[in-house]
Amino acid sequence: MPASLPRTGNPATDFSLDFLAQLVQRGVTDLVVCPGSRSQALSLVAAELERVGAVRLHVRIDERSAGFFALGLAAETGRAVPVITTSGTAVANLLPAMLEAFHATVPLVAVTADRPEELLGIGANQATTQPGIFGPNVPHEAVQAPVGAPDEAPLAERLAIRAADTRGPLHLNLAFRDPLSVAVPELDEWAAAAPDDRAAADQGRAAAVQGDAADTLDIEAADWPRTLVIAGAAAGPEAEKVAHEGGWPLIAEATSGSRYGRNLVLAYRQLLGATSPRPDLRDTIERVLVFGHPTLSREIPQLIARDDVHAVVVGPTGGEPYNPAHAVAAHVDAVRVHPVPPADADARTESRAWLREWVLASRALVEAGAEQTPAPDIEASRSSDTAVRGRFAKQELAVARTKVDRRMLAEAVWSATWPHDRLVLGASTLIRSLDAQVAGKPIRVHANRGLAGIDGTIATTLGVAVGSQLGGPVSAQGGVTRALIGDLTLLHDASSLLIGQGGEWAPRVQLIVGNDGGGTIFDDLEVARTAAVEAHTRVLYTPTRVDLEALATAYGWSYCRAETRADLQGALVSREHERILIEVPLPRG
């Protein structure tokens with residue numbers, strides 16, 4: 001190894017030293033630890049690495065929450081984040097986060113301690129079959145309990161390299177025998193001598209990803225008229241770039257990272273739907289280029305499934321290839337667009353007309369559905385007539401006192417968020433409200449859209465916040481991370497509100513909770529029209545009554561209730577509180 005590590009003679013401790021030190025040297029910057037006996041050597045070595053400044057350590061008491069916290073960290077930073085747990089049900093609690101990591105291709109590494117082979121299959125306490133526990137989609141490797149053999153250090157190094165370089169989830173199951181640890185030696189000399197290879201590791205991973213893009217489709221834009229570019233979750237800026245180069249309309253979901261630019265079409269659901277006001281546009285689409293994983297509408301998979309549409313999916317779409325109705329014609333790593341040449345006047349005219357019709361049709365629908373509350377006349381505020389000024393003041397007060405609805409909430413949160421901030425969207429009605437209306441803006445948006453579940457959203461938000469504010473780009477370190485979630489999403493992950501314990505650094509976070517008392521997302525599904533009202537309310541809407549202020553206070557968060565436009569806008573821009581839960585009462589309809 002580049003820097004020598006001290007030996008203790010305890011196999012569990014020495015293997016943990018070799019493994020975690022190599023993780024650090026391969027570019028891992030964060031470790032997440034949950035308490036447990038069988039994993040104590042790993043945890044104590046992690047604590048020593050934190051003490052010498054080699055790694056950032058995050059301790060969580062709940063493995064399910066820890067998994068999603070690490071998921072958010074990994075999604076924001078792009079680096080592998082290991083979660084260290086003990087054996088038994090502790091491992092099983094990582095399953096939801098590991099599944100999301102697979103379907104969203106996030107480098108989440110489960111490092112789980114296990115009983116040695118002689119304690120398996122005999123009813124020993126906290127012993128179960130852990131290898132393969134996350135199913136066939138998550139690669140795993142089981143390591144027998146170390147005994148201090150010479151070949152164990154190279155094995156630890158190989159495992160660390162595999163973990164640091166993973167692009168999706170990985171499970172490393174490490175067995176340990178008693179004695180489970182000894183005092184961990186001080187690592188000051190090792191830390192001073194160990195090279196900082198993190199920048200080189202990041203560059204190596206980026207080069208590997210770029211090298212994978214071997215299957216590139218060359219497109220002559222003149223030969224691809226009537227094309228749409230669709231950007232789903234995690235599509236990134238490439239989708240906007242391709243749309244701009246080809247002169248094509250861009251449909252970009254709020255979580256795409258592509259929702260900006262002059263080609264953006266916001267009202268895509270209406271324009272693609274069965275009752276589209278412009279069937280002449282919808283029905284004449286010939287080709288679509290899909291980036292990322294679209295999840296927020298039924299209209300997009302229905303479009304791709306059409307027999308008269310040639311669909312090409314570009315780049316990764318998560319753990320599974322995106323292929324609605326098995327109708328995608330091709331999956332490619334990348335596309336290279338050759339714009340319509342200036343000499344081809346006819347093709348340029350047709351391309352511009354196609355783009356213009358989509359953008360204008362979308363703009364008309366957005367304006368028609370926009371809030372019609374008249375804005376106060378600013379000139380009246382400067383009038384010398386006291387009566388005119390008085391009417392202005394009443395108008396201004398009326399606007400400020402307007403009750404918040406979903407549309408206003410979505411627009412306010414989006415407007416308050418800028419590139420140095422981060423926004424996390426929960427899987428609720430609110431993400432669709434936001435996606436249907438907010439204008440383009442190049443901000444970083446996260447959401448667990450791999451499986452689109454509500455589990456772990458608060459923990460994911462906290463991971464994103466730590467990754468951006470503590471270890472992210474300089475531009476993000478002064479920002480705030482906002483999460484727009486529903487009340488059920490909050491309650492499902494309330495235990496993740498416990499942060500900042502033991503002197504651990506905690507980030508700036510606003511949890512904006514749209515509270516309509518239950519799961520209104522089901523109101524838009526067919527079941528709401530077929531089920532009995534009482535049954536629908538009981539088992540789907542699931543109304544709740546929880547004092548969110550008391551909940552926030554119990555976990556050490558600040559709290560405010562925003563019922564009006566003025567309340568909401570003031571809460572979103574305030575920097576008075578580092579961590580605040582903003583409750584926004586919403587009507588059910």
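Predicted model: local features only at pLDDT ≥ 70, side-chain atom pairs only at ≥ 80, totals over all residues.
Let's start with β16, residues 481-486. Six of its six residues are buried, so the strand is largely enclosed by the rest of the structure. Side chains in a regular strand alternate between the two faces of the sheet. Here, both faces are covered. T481, A483 and I485 sit on one side. R482, L484 and G486 sit on the other.

Now, the neighbours. β14, residues 422-425, pairs with β16 in the parallel sense, over four bridges. L425 has L484 as its bridge partner. β17, residues 509-515, also runs parallel to β16, with six bridges. There, T481 is partnered with V509. Between β16 and β17 comes helix α18, residues 487-492, and the three make a right-handed β-α-β unit.

Next, helix α3, residues 63-77. How far apart are its end C-alpha atoms? They are 21 Å apart. That agrees with expectation, because 15 residues at 1.5 Å a residue should span 21 Å. The helix is mostly covered, with 13 of 15 residues buried. At its start, a side-chain oxygen of D62 comes within 3.0 Å of the backbone nitrogen of R64. After the helix comes G78, with a positive phi near 80°.

Last, the cores. The largest nonpolar core has 50 residues. Which members touch the most others? V288, W358, L409 and V584. Helix α15, residues 406-416, gives this core its largest share, seven residues. A second, separate core has 43 residues, including L462 and V464.

Key
Residues numbered from 1 in each chain as written. Heavy atoms only, no water. Core = buried A, V, L, I, M, F, W, Y, C linked by side-chain atoms within 4.5 Å. Buried < 20%, exposed > 50% of the residue type's maximum accessible area, 1.4 Å probe, protein only. Helix = DSSP H or I, 4+ residues; strand = E, 2+ residues; numbered from the N terminus. Expected span 1.5 Å × (residues − 1). Polar contact = N/O pair within 3.5 Å; in protein donor to acceptor, adjacent residues only side chain to side chain. Pairing = 2+ DSSP bridges. Right-handed = clockwise from strand over helix to strand, strands pointing away.
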